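I opened the file to look up how the parts of this chain are arranged and which contacts hold between them. My entries follow in the order in which I looked.

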Amino acid sequence: MKLRSTIHLYSSVLFAVLLILMNLFIYAVFSRMSLDSQLGQASAETARIAAAMRKAGDGVTAPELLRAYVPVEGMLRLLTVDGGGPAPVTSASGQEISRLKPVYHPGKQAERVRVDGRLYAFVSVPVIWTDGNVLNVQMTKSLEGTMDTLRVLRLVLAGATLAVLLPLLLSGRLLSGLIMRPIVQMTATMREIQRSGKFRRLPLKAHSKDELVEMGHTFNDMIGLLESNYVKQEKFVSDASHELRTPLTVIESYASLLKRRGRDHPELFDESVEAIHSEAVRMKEMTEQLLLLAKHPEQWDLELKVMDLEELVRSSAKAFHNAYGREVTVQVKGSPEGYSDEAKLRQLLFIFLDNARKYSDEQITVRIEAAGQERMIVITDRGIGIPPEELPKIFDRFYRVDEARTRENGGAGLGLSLAAEIAGAIGAELSMDSTVGLGTSVTIRMAADRRGGGQ
Ligand code: ADP
């Protein structure tokens, strides 16, 4: 069953049941109260009649007395202990009750009795008659008047229930429609996205606070995220294939050269192998970086903790010196304790040290500084620098400041974008200062402990 029909059915059935139960309750209470009050009235009336008959008992005969007090619809009877006494007097409309078997009651009795499907109030009151004998004054009085009122009440309540149920069914349908509309729209939009392959959003009231509109906004945000990821991915794939094409072309052309003329011109061999080797190394590095970039930071297995930054920087500088033969000076000002992930911070350091190496020939310095709850690692080189207008773009994937100057150094323009991604994952902040011809300095900012890191 559709959700709309389910909501409609459940709300209607629930309301209808509640309404019927409420009306049944009203009817039960009202009918009980009216019948009890009628019985009370009959009781009081019988007691009054008994007193009046006893008073008048001497001068008037019993049948006359009975005739004088008989109710409009009912019967009045005087009954002796042995069940005898004068014949009961019955009103014209209540003949069938004269067939009721006379029963003597020693105490006062008041009850409802049913004769031929009609309801009566029966009251028996014991009185001491003028001759000293105890008699029962028994009155049986029709309750049909009250039953008629109750019948009308039943009709009115049933009518009212029906009258309320009809708009209730309609409003239930309207309500379920209202709830389902955004969901139906959402499904249609999703189908449209699936069919056309284009990202679409739901048209929504901007300022509404209702949950369904909020759900719509969440849906739109999600579509926005999917769209931006999709665009990024497309760009990434096209950039990656574009970037890989150049080294592949170089390798292919040198390989063809060797194939055609390598045997006759051995002097070509060294140059070709060198070019093929360096392009292959470049491609290997690029694919490694691409693979890391394609991974989500959540899959990186981070282990954030308070650690000794000095030790990390010194060991990285040593490893770097051994690999490239470049001197790195380490300076420490203030506490060297910082909150980070060791492996990722080391990777970050290597990216910046590598750039410092590629774009400078002089000394490289790494400073560790402390300011309150903040720790900084500053990597400074005295190299070629970056023009100020290029600074905002260098963290983009595959962005290189100057194709000519970087190609010979073998960079693919991926190092800094990877650095930005790593910094984001370990909660570090990156900033870069550079002056063309003077050099560049990169600052990695992080918290001193867990509280500052907000993890
Ligand atoms: P690459 O692998 O090409 O070095 P990066 O993303 O690491 O890619 O850097 C992007 C560009 O920023 C580089 O091409 C380079 O021109 C510039 N750059 C990065 N670091 C420095 C630096 N320390 N000195 C001068 N230029 C730099």
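Before I could read the strand contacts I needed a rule for pairing: two strands pair if DSSP finds at least two bridges between them. I also note that this is a predicted model.

**Entry 1, the sheet.** With that rule I looked up strand 4 (residues 118–128) and strand 5 (residues 134–142), which run antiparallel and are joined by nine bridges. Within this pairing I found I128 standing opposite V134 of strand 5. I then followed the whole sheet, which is open, has five strands in the order 2-1-5-4-3 and shows antiparallel pairing. Its edges are strand 2 (89–90) and strand 3 (109–115), each of which pairs on one side only.

How many salt bridges does the structure hold? I counted on the listing, which gives 17. One of them joins the side chains of K141 and E45, with 3.1 Å from N to O; since K141 lies in strand 5 and E45 in helix 1, the pair ties together parts that are 96 residues apart in sequence. K141 is partly exposed, at a relative accessible area of 22%.

I next looked up R118, which forms a salt bridge with E73, their closest N and O atoms being 3.9 Å apart. R118 lies in strand 4 and E73 in the loop between helix 2 (62–69) and strand 1 (74–79), so this pair ties together parts 45 residues apart in sequence. Both ends are partly exposed, R118 with a relative accessible area of 31% and E73 at 34% relative accessibility.

A further salt bridge is formed by K305 and E342, with 3.6 Å between the closest N and O atoms. Here strand 6 (residues 304–308) holds K305 and helix 7 (residues 342–358) holds E342, so parts 37 residues apart in sequence are tied together. I also noted that R32, D36 and R112 are joined into one network by salt bridges that share partners.

I looked up a nonpolar surface patch of about 840 Å², whose members include M1, L9, Y10 and L24. L24 has its place in helix 1 (residues 3–56), and it is exposed, with a relative accessible area of 52%.

The domain assignment gives domain 1 (3–150), domain 2 (211–294) and domain 3 (302–453), and the centres of domain 1 and domain 3, taken over C-alpha atoms, are separated by 104 Å.

Methods
Residues are numbered from 1 along each chain as its sequence is written. This is a predicted model: local features need pLDDT of at least 70, side-chain atom pairs count only at pLDDT 80 or more; totals for chains, interfaces and linings use all residues. Side-chain values use heavy atoms; hydrogens and water are left out. Domain bounds come from an automatic or database domain assignment. Patches are made of residues with over 30% relative accessible area and no salt bridge: like charges are joined within 9 Å, nonpolar side chains (Val, Leu, Ile, Met, Phe, Trp, Tyr) within 5 Å. Accessible areas come from the Shrake-Rupley method with a 1.4 Å probe; for residues, only the protein chains shown count as cover. A salt bridge is a side-chain nitrogen of Lys or Arg within 4 Å of a carboxyl oxygen of Asp or Glu. Helices (H or I, at least four residues) and strands (E, at least two) are DSSP runs, numbered from the N terminus. Buried means under 20% relative accessible area, exposed over 50%, partly exposed in between (1.4 Å probe, protein chains only).
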